[in-house]
Amino acid sequence: MNREDFPILQDTVHGRALVYLDNAATTQRPLFMLNAMTDAYLHYNANIHRGVHHLSQVATQRHEQARQKVADFLGAQSAKEIIFTKGTTDSINMLAFSFGEAFVREGDEIIVSQLEHHSNIVPWQMLCQRKKAQLRVLPLDANLLIDTSRLEDIITPRTRLISVAHVSNVLGTVQPIHDIIRIAHSHHIPVCIDGAQSAPHHMVNVQELDCDFFVCSAHKMYGPTGLGILYGKEQWLNLLPPAQGGGEMIEHVRFEQTTYNQLPYKFEAGTPDFIGSCAFGAALQYMDHIGRQDIYAYEDELTRYLEQQLSTIDGVYVYAHGIEKTGAVSFNVFQGDRLLHPFDVGTLLDQQGVAVRTGHHCAEPLIDYLQVPGTIRASVAMYNTKKDIDRLTCALQRAIQMLA
Ligand code: PLP
């Protein structure tokens, strides 16, 4: 699907045609997005919102159009609910600070799960330390899915917020977030969904999900680095204080007191990445042009093929085998009882031109739970092919022979 739109895929690595299967870390960028970015710098580079001159007005219009595109992409009710941040990590930090200031007191509790990315653990942990609150952890079931049957036990009258991943960045598994949101709301607890790994591969509709907050990163969705989204229901965002002070987020500043701007600007202190937002808008336009439903169906087929092909190799153990996945598959290689170190396997794959990710994938609590030093993760995007996966399995078999 449209490989030629991604120039980097024509490159060679160690003399071999590149097979890029590290898309869960970051996707490659289409020329369409890169051209939009260059175009913005060349033709409407001016600071937004404050200028009466033509360039500033064009830049402002493009920035706000991009916000509307993101709102449409995520199914938000209004563009006011879309806050531009630096990425998923920044979004969660911002939310943890702001929500914590308004709603978390000593003895309160925040719930995350065993499989979260560090970015969905540490900001909450820091909040808990600051407020003398407690971080509670939802365990996993036998299928390595968040165990929703335990949620009612873990929720207490002191629970203030639940924050969980939509899709595990390690295992690629789709988590039961509908149940989590339903149960949480029956206790009037808001839910934040870490959509870093779902927004690139799923028709996300935040209104249908009914989540209170949703976060994702542009660079995992064919967009620029350094840009992310914090979606929040308008009624929640209205209740939260700004996380940062500065320009743009203010209405009036006096030494005695400052009043804050309306949504979403209240949360966007300083000059935003207006070039990045326009480029992200172009990336979303590119996905729409290809057809999001078609992209997602194709990626699902590739993910199934990936799991299937890996499972046929002697000694390969696929985590959460047979459980619904999107985009990524994690595995390890065993020779008898001996685990081949993921780093060694990954290095030998790289020497054959195949890029995968190895290690703890920024989810050490999950890796500890799996009792391994790390895993090998292959993850797909719209431009991958079954031939790429065949190159991976072929290279993997060679690597296993070499390490025997
Ligand atoms: N959450 C999940 C599930 C992720 O996969 C990632 C990145 O891999 C993040 C959060 C952090 O994203 P970023 O580094 O773009 O802020």
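How many salt bridges are there between domain 1 and domain 2?

## Basis of the model

The model is predicted, so that local features need pLDDT of at least 70 and side-chain atom pairs count only at pLDDT 80 or more, whereas totals for chains, interfaces and linings use all residues. Residues are numbered from 1 along each chain as its sequence is written, and side-chain values use heavy atoms, with hydrogens and water left out.

The protein is divided into domain 1 (3–21 + 291–403) and domain 2 (32–289), with bounds that come from an automatic or database domain assignment. Their C-alpha centres lie 29 Å apart, and 34 residues of domain 1 are in contact with 31 residues of domain 2, contact being heavy atoms within 4.5 Å. The count of salt bridges between domain 1 and domain 2 is zero, where a salt bridge is a side-chain nitrogen of Lys or Arg within 4 Å of a carboxyl oxygen of Asp or Glu. Across this interface the rule does find 16 residue pairs in polar contact, with both residues at pLDDT 80 or more; a polar contact is a pair of N or O atoms within 3.5 Å, and within protein one must be able to donate a hydrogen and the other to accept it, while residues adjacent in sequence count only if both atoms are side-chain atoms.

The domains bury about 2,900 Å² between them, 61% of it on carbon and sulfur atoms, buried area being the accessible area (1.4 Å probe) that two parts lose on being put together, summed over both. Of the area that domain 1 buries against domain 2, Arg292, Thr326 and Leu366 supply 24%, more than any other three residues.

## Backbone details

Leu263 and Pro264 are joined by a cis peptide bond with omega of about -5°, and Pro264 lies in the loop between strand E12 (258–260) and helix H9 (274–290). Helices (H or I, at least four residues) and strands (E, at least two) are DSSP runs, numbered from the N terminus. Glu248, in the loop between helix H8 (234–239) and strand E11 (250–253), has a positive phi near 75° although this residue is not glycine.
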